[in-house]
Amino acid sequence: NQVCLDVASVPFLWIAPLMLYLLTFIICFQSDRWYRRRWAMPLAMLGLAAVYRMISAGSNSQLVVQVVVYFGTFFACALVCHGELARRRPQARDLTLYYLLISAGGAAGGIFVAAIAPLLFTDYLELHLGLLACGGLMLAVLFADPKSFGFPGWPRLAGLTLLTVGWSALAVGLGQQAVEQRVRVIATARNFFGVLRVTKADSLYE
């Protein structure tokens, strides 16, 4: 939704995220050797920071840059989520429930984005929540795992503290960015075509 709002509403931009999503699922579940926290999580964290900058810049950035940043971050975040799911794959007797819950989670996410979010939010705030949730997931996973890497060569506590500070800064920045969207806005509405805003101008030429 965010990409189609700031870039263009074309079929390829709807298909690409699904392709990337399925690709990360295949990569992570095909073999345990493909997903490694040591490079996947830092890549996702860099992507989260890049998306924050892209949201702040809005449609002023070049089309190619927007597509690369948004879809690259989506790929990295989906890779982390699927990688952590694959690491928690249970024994064979519980696989039916395991995959059922994965499917139910996907359905719940689709219902939230398609039906619930448009009723709750007048902007695409589910993007902000999704970014924070992905960052929070990585923190929770690392804190819960006594063998987590932190950063190579760093004490574990120092690495996790730095990650926590980074996630907190992202949360503050996204919150501030969401508030700034409301500055000088008289009315706003959201429909199938995107978010429409009526803003107050200081002059007739603004």
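## Helix packing and selected residues

E84 is buried, at a relative accessible area of 4%, where buried means under 20% relative accessible area, exposed means over 50%, and partly exposed covers what lies in between, computed with a 1.4 Å probe on protein chains only. This is a predicted model, in which local features need pLDDT of at least 70 and side-chain atom pairs count only at pLDDT 80 or more, while totals for chains, interfaces and linings use all residues. Residues are numbered from 1 along each chain as its sequence is written, and side-chain values use heavy atoms, with hydrogens and water left out.

The secondary structure of the protein chain comes to 7 helices and 2 strands, and from the N terminus on its elements run α-α-α-α-α-α-α-β-β. Helices (H or I, at least four residues) and strands (E, at least two) are DSSP runs, numbered from the N terminus. The C-alpha trace spans about 65 × 40 × 30 Å along its principal axes, and of the 206 residues of the chain 34% count as buried. Among contacts between residues at least 6 apart in sequence, 65% join residues at least 24 apart, a contact being heavy atoms within 4.5 Å.

Axes are lines fitted to C-alpha atoms, for helices over the stretch in contact, and angles run from 0 to 180 degrees between N-to-C directions.

| Helix pair | Axes come within | Crossing angle |
|---|---|---|
| α3 (residues 37–57) and α6 (residues 125–144) | 11 Å | roughly 155° |
| α3 and α4 | 8 Å | roughly 145° |
| α2 (residues 11–30) and α4 | 8 Å | roughly 30° |

The axes of α2 and α4 cross at roughly 30°, which makes α2 roughly parallel to α4; angles under 35 degrees count as roughly parallel, over 145 as roughly antiparallel, 65 to 115 as roughly perpendicular and the rest as oblique. This crossing of α2 and α4 is right-handed, whereas a left-handed crossing is one in which the near helix is turned anticlockwise from the far one by less than a right angle, right-handed being the clockwise case. Residues including L13, L20, F25 and F29 of α2 meet residues of α4, among them F71, F74, F75 and L85. By class, the contact of α2 with α4 has 18 nonpolar, 3 polar and no charged residues, with Ala, Val, Leu, Ile, Met, Phe, Trp, Tyr, Cys and Pro counted as nonpolar, Asp, Glu, Lys and Arg as charged, and the others, Gly among them, as polar.

The crossing of α3 and α4 is left-handed. Its contact is made by residues including R37, M41, G47, L48 and V51 of α3, together with residues of α4 that include T73, V80, E84 and R87.

Two residues of α4 can be followed individually. T73 lies in helix α4 and counts as buried at 5% relative accessibility; leaving out residues up to four places away in sequence, T73 touches G47, L48, V51 and V68. E84 is likewise placed in helix α4 (residues 63–87), and its side chain is joined to that of Y35 by a polar contact of 2.7 Å and to that of R88 by a polar contact of 2.9 Å. A polar contact is a pair of N or O atoms within 3.5 Å; within protein, one must be able to donate a hydrogen and the other to accept it, and residues adjacent in sequence count only if both atoms are side-chain atoms. Not counting residues up to four places away in sequence, E84 touches Y35, R37, M41 and V141.

On α6, the axes of α3 and α6 cross at roughly 155°, which makes α3 roughly antiparallel to α6. The crossing of α3 and α6 is left-handed, and the contact is made by residues including R37, M41, A44 and L48 of α3 and L131, G135, M138 and V141 of α6. By class, the contact of α3 with α6 has 11 nonpolar, 2 polar and 1 charged residues. G135 is found in helix α6 and is buried, with a relative accessible area of 6%. G135 and A44 are 91 residues apart in sequence and 8.3 Å apart in space, C-alpha to C-alpha. Leaving aside neighbours within four places in sequence, G135 is in contact with L48 and W167.

A171 has its place in helix α7 (residues 156–180) and is partly exposed, with a relative accessible area of 23%. The C-alpha atoms of A171 and Q62 are separated by 25 Å, with the two residues 109 residues apart along the chain.
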